[in-house]
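Look at the chain below, first as a whole and then at single residues. The text after it goes from one residue to the overall shape and back again.

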Amino acid sequence: MLTLLLIALAVAGLLITMRREAGAGAALLATGIPGLLGLVAGTPVIGVLLLIVAAAIAVAGLPALRRRWLTPRLFALFKKVAPKVSATERTALEAGTVAWDGELFSGRPQWHRLLAYSDAGLTDAEQAFLDVQCARAAGMCNAWDITRERADLPRALWDYLKQEGFFGMIIPEAYGGLGFSAKAQSMVLQKLAVNETLMVTVGVPNSLGPGELLLKYGTEEQKNHYLPRLADGREIPCFGLTGPRAGSDATSLPDTGIVCKQTVNGEEVLGVRLNFEKRWITLAPIATVVGLAFRLFDPDHLLSEEADRGITLALVPRDTAGMEIGRRHAPIGSPFLNGPIKGRDVFVPLSTVIGGEAMIGEGWRMLVECLSIGRCITLPSGATGTARYALGWSGGFTRIRRQFNVPVADMEGVQEPLARMASLAYIARATVYQTANLIDHGEKPAVPSAILKSQLTEFQRVLLGDAMDVHGGKAVTLGPRNYLGIGYSANPVAITVEGANIMTRNLMIFGQGAIRCHPYVLDELAAKDADDAYAFDKAFFGHAGLIFGNAARAFTMGLGLGRAKVPFSEPARTYARDISRLSAGFGLCADAAMASLGSALKKREMLSARLGDVLSNLYLASMTLKHWEAGNRVEGEEALLHYSCRFLLYRAEQALVEIFDNLPNRALGKTLRRIVMPTGRRWHTPHDDLARDIAKRVSTHSALRTYLLENTWDKNDGDQPNPLATYNALLADYDRAEALYRTLNRAYAKGELPETALHPEQRVEAGHKKGLISDEDAQFMRGFEAEVLELLTVDDFAFDALASNKDEVIDHLGQAPSA
């Protein structure tokens, strides 16, 4: 009994010490004291064993001892096995800042740091722009007209966008721009996502492009000339990065610039001769100024003794001799202006280099730093806006669409996707808003940008598929009345651009985060590069303490012991505590994967992707809790919080299980499973009761539906019809209509109405004639059913209307097709 007591005392002491990362001294006490007690109390075997453990801890853990013999040997081994980090990789790793993503990587997230990012909301000017200018722009769009009739935005809309400064949202007011916050920029794009071509057209110039690059790196002369012209639309920018052989791997640019001298207008000018071929460049067909990325060489050493000067960025006016520009690509599902740019022996003066001569060779760093912000906002905001519109349309449609005498929204087969759509829209909105808030506080979230881009555009893919399913034939029949189908077909664009999701998930999220966000790995690599054994000792043994700490935290919290302290009340507290538990498990698994696979982990992309999935789901769940904590909480939102957090934590646990099952070292995988999930999985898919509750709320006139759709275009105040506004109006009157439906349907079932009264309109007239409903109710139902029928109606066309070449239309019946 005494032996078991001493072992329990030592284990408990070690677990407490490890959880707190209290250091070798505390661990010595935790094992040494029970060891001495064992010797004194007459249990020498256990006493000696515990003292041996204490001695090992002293030799390995006390700096004065380990630095004499252990550290030099470990350092020599580390220098042999540590992955090599290229210059371009190091630039990417050092770009941006680490915030909440670093907390999750640590395994001991400090929630008060996340909650400390205050939010003042939008300014009055930003909210007014969202309410007025954005509504006006949205109201000028019809997807069919833009996609099939003109393959462009209407001229009046282009003029309005320029006039109202849509292209200058990120440009400070001092240069004539709007000077909007990241939150405002995100919310503008969410509102404009009612039409994907409009959203892309406004989003790209405010994301990765000349405007942002000039703001951060441009010379004063470049800023003063270009920024006012970009802000008011006199200049339309594009940015040429990708090409036939450089897509996701932008560092492999084959486009070149050669430093040379050329006579221009009788004067010798120092400049660059460019040869390039770019494609997939948004706004290129109409751009007046082209931002260009290329590899600069100085073979004649006109600038320096170094011949290869690295990736460099320049601004090239459209009318520069030798540049071919103006042709278009045809992006799937959406005619946003996108095309190729080519140049052969294009000469530009050195003054066109963004930032001047001082920024030569800094192009990759410039791009990575700008992309970390733009990728957090543009596509994630577009995906979030699309999610909210699709949810609003789907909730409305499924309520007014009746089958088997009931709204299809009351059928569980429809309620399941409706609830999932609501959850994805809720998570996306919370994540993109709270991350934008981090940006407004000065953060440059590099790893979260990859999480948001890949995860939220994948949400969009799932959500649009669900929306198509519940709309059925309404959405698969194209025409001016179809508000969903064209956007659905354009979804692959968001999945592919700004870092294809398949690459972002498999390579970037964990691949970048493992070094950038880890508390110690970057310091270890820096110590290796500097050959600094002291710095290595400090980082390595701090890292070792973190590993033991995460193991203890994951194991004890997995058993329900020592729950994390979190500054939330229920129901958020439960989820925050489990995010902390899974964060510790994730940190342990990340270190185990890096230690067991070393540099080979780069090639084990499926494992890297799953580690990234754990981090992504924990990040999304954290942002959802932050948004809940900061929000005003409407009726029904708690159910959506439960559904969303359970969905995300289920996915995080699933990714961990797949890591355990697929680690090459099977013993390691099984050990990690027992440490991280000692009692098995905690989370399962959300309960059906939650799905039923949420689906009803988003398909009726409820506080939750209103909250989820706020700051979308939801009024009939534009040049084009607004189906969302019409659905909202119908749902506001639906209770009255439903009561009348029941009255008329009961009367029909009893034989009180003619058998031929098969349509709702016929039953309304027959019921009115029989006195079953009043004059007022009949008039109400006539208007209500007319609106319903219009929303259920799909378009049809003349036989030859869909053919581009009318001469090739086949006369199948031997007669001319009729209109």
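**A walk through the chain**

Leu283 counts as buried, because its relative accessibility is 1%. Buried means under 20% relative accessible area, exposed means over 50%, and partly exposed is in between, with a 1.4 Å probe and protein chains only. This is a predicted model, in which local features need pLDDT of at least 70 and side-chain atom pairs count only at pLDDT 80 or more, while totals for chains, interfaces and linings use all residues. Residues are numbered from 1 along each chain as its sequence is written, and side-chain values use heavy atoms, with hydrogens and water left out.

Leu283 sits in the loop between β3 (267-282) and β4 (289-297). The phi of Leu283 is near 75°, which is a positive value in a residue other than glycine. Arg633 also has a positive phi, of about 55°, although it is not a glycine. Arg633 belongs to the loop between α25 and α26 (637-662). Is Arg633 buried, exposed or partly exposed? Arg633 is partly exposed, because its relative accessible area is 34%.

Now take the chain as a whole. It has 33 helices and nine strands. The radius of gyration is 31 Å, close to the 28 Å that the globule rule gives for 819 residues, so the chain is as compact as a globular protein of that length. That radius is taken over C-alpha atoms, and the globule rule is 2.2 Å times the number of residues to the power 0.38. Helices here are DSSP runs of H or I with at least four residues, strands are runs of E with at least two, and both are numbered from the N terminus. The C-alpha trace spans about 100 × 90 × 55 Å along its principal axes.

How much of the chain is buried? Of its 819 residues, 54% count as buried. The accessible surface comes to about 35,000 Å², and 55% of it belongs to carbon and sulfur atoms. Accessible areas come from the Shrake-Rupley method with a 1.4 Å probe, and for residues only the protein chains shown count as cover. Among the contacts with a separation of 6 or more, 74% are between residues 24 or more positions apart. Contact means heavy atoms within 4.5 Å.

The chain has 86 positive and 90 negative side chains, and the centres of the two sets lie 8 Å apart. Lys and Arg count as positive and Asp and Glu as negative, while His and the chain ends are not counted. The place of a charge is taken as NZ of Lys, CZ of Arg, CG of Asp or CD of Glu.

Next, the helices. In α20 (residues 485-496), the buried residues are Gly485, Ile486, Ala490, Asn491, Val493, Ala494 and Ile495. An α-helix has 3.6 residues a turn, so residues three or four places apart point the same way. What covers the buried residues of α20 includes α16 (363-400), α18 (446-471) and α21 (501-516). Just after α20, Glu498 takes a positive phi of about 55°.

Gly513 is found in helix α21 and is buried, with a relative accessible area of 0%. Leaving aside neighbours within four places in sequence, Gly513 is in contact with Phe105, Val447, Met508 and His518. Gly513 and Val98 are 415 residues apart along the chain, yet their C-alpha atoms are separated by 9.3 Å.

Thr624 lies in helix α25 (residues 605-630). Thr624 counts as buried because its relative accessibility is 0%. Which residues does Thr624 touch, not counting those up to four places away in sequence? They are Tyr426, Ile427, Ala430, Leu641 and Leu648.

Two loops remain. Pro571 is in the loop between α23 (533-558) and α24 (572-597). A cis peptide bond joins Glu570 and Pro571, with omega about 5°.

Asn722 is in the loop between α29 (703-708) and α30 (723-732), and is buried at a relative accessible area of 2%. The side chain of Asn722 reaches the backbone nitrogen of Leu724 at 3.1 Å. Not counting residues up to four places away in sequence, Asn722 touches Trp713, Asp714, Lys715 and Asn716.

Technical notes:
Polar contact = N/O pair within 3.5 Å; in protein donor to acceptor, adjacent residues only side chain to side chain.
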